[in-house]
Amino acid sequence: MKRKAGKSEMPTISGSSAKPAKSAGRLDRNVQAKIGQQLRAVYEEVVKEGVPDRFAEFLRRLEKRDPEPEQ
Amino acid sequence: MNADQSVRAAMLQAVPSLRAFAISLSGNVDRADDLVQETLARALAHIDSFQPGTNMQAWLFTILRNLFRSEYRKRRREVEDVDGRFADGLQSQPDQHAKLEFADFRAALAQLPPDQREALILVGAAGFSYEEVAKICGCAIGTVKSRVNRARNRLAETLSYQPVEGGGTGSETEHDPNSRVRSTGSG
């Protein structure tokens, strides 16, 4: 009888009783890929816009604000 | 309080992703940009609580997410169907480069419960690990996984990519203390 050595036990996450994954919840690989692709496309569309000026300006403004101006 | 240059550089670098996340949460570009700006302001004000060497992006996402959550809860009390309004906002977004092919997908995404939507976006688009997302959302890793799964299933169902046997998305089986809004809270 062979035993797999070195297979450490997974720590269980508190609060979640070990339930088998519902087979009904398994998605086809292609479907998963399709969803993932669209998700990234929608997200990347915004990322590609880069940093709008208002944010660079905003940080610069905060930076220029003297911590303790002379009164 | 002056954050040093590298901190500000890291913040600026995170802005594009923060915006993408904020837009996916709020469904509205203007609101999203306000949310990002408020996030930066808060981050700078609390820069002392940032641990150097840890993931700045994850830290900023956490701040943004919490800001959105508190705002969302406020609005939810005011308006019953915040999700309906969310969907409207997304669809009427005057986004000239929103490709038509993604219109259905955006609409389906907008219909997801907020918990599931944010988990799916953080894992599937923003590229965080389950562990990081668990920290960002303040829940267990198992909860993140189950939210992502249910989000995918629901999208597949809404978009008719694949019939979901047994109506898998209908039942809420996870234990999630966070999804229960403390409605009795005073103030």
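In which hand of crossing does α2(A) pass α2(B)? The crossing is right-handed; that term applies when the near helix is turned clockwise from the far one by less than a right angle, and anticlockwise counts as left-handed.

Before you start: this is a predicted model, where local features need pLDDT of at least 70 and side-chain atom pairs count only at pLDDT 80 or more, while totals for chains, interfaces and linings use all residues. Residues are numbered from 1 along each chain as its sequence is written, chains are lettered from A, and side-chain values use heavy atoms, without hydrogens and water.

**Stop one: the helix pair**

Select residues 53–64 of chain A and residues 29–45 of chain B. These are α2(A) and α2(B); helices are DSSP runs of H or I, at least four residues, numbered from the N terminus. Their axes come within 11 Å and cross at roughly 25°. Axes here are lines fitted to C-alpha atoms over the stretch in contact, with angles from 0 to 180 degrees between N-to-C directions. That angle makes α2(A) roughly parallel to α2(B), the label for angles under 35 degrees.

Now show the side chains. On α2(A), the contact (heavy atoms within 4.5 Å) is made by Arg54(A), Phe55(A), Phe58(A), Leu59(A), Arg61(A) and Leu62(A). Facing them on α2(B), the contact residues include Val36(B), Leu40(B) and Leu44(B). The contact divides into 8 nonpolar, 1 polar and 4 charged residues.

**Stop two: Arg19(B)**

Select Arg19(B), in helix α1 (residues 5–26) of chain B. Arg19(B) forms a salt bridge with Glu49(A), the closest N and O atoms being 3.0 Å apart. A salt bridge is a side-chain nitrogen of Lys or Arg within 4 Å of a carboxyl oxygen of Asp or Glu. Glu49(A) sits in the loop between α1 (29–47) and α2 of chain A, so this pair joins two chains.

Arg19(B) is at 4%. Glu49(A), at 38%, counts as partly exposed.

**Stop three: Arg31(B)**

Select Arg31(B) and Glu71(B). They form a salt bridge, 3.0 Å between the closest N and O atoms. It links α2 to α3 (residues 56–78) of chain B, across 40 residues of sequence. Arg31(B) is partly exposed, at 23% relative accessibility.

**Last stop: a network**

Select Arg65(B), Arg69(B), Asp115(B), Glu118(B) and Arg147(B). Salt bridges that share partners join them into one network. The whole structure holds 9 salt bridges over all chains.

Notes:
Angles under 35 degrees count as roughly parallel, over 145 as roughly antiparallel, 65 to 115 as roughly perpendicular and the rest as oblique. Ala, Val, Leu, Ile, Met, Phe, Trp, Tyr, Cys and Pro count as nonpolar, Asp, Glu, Lys and Arg as charged, and the others, Gly among them, as polar. Buried means under 20% relative accessible area, exposed over 50%, partly exposed in between (1.4 Å probe, protein chains only).
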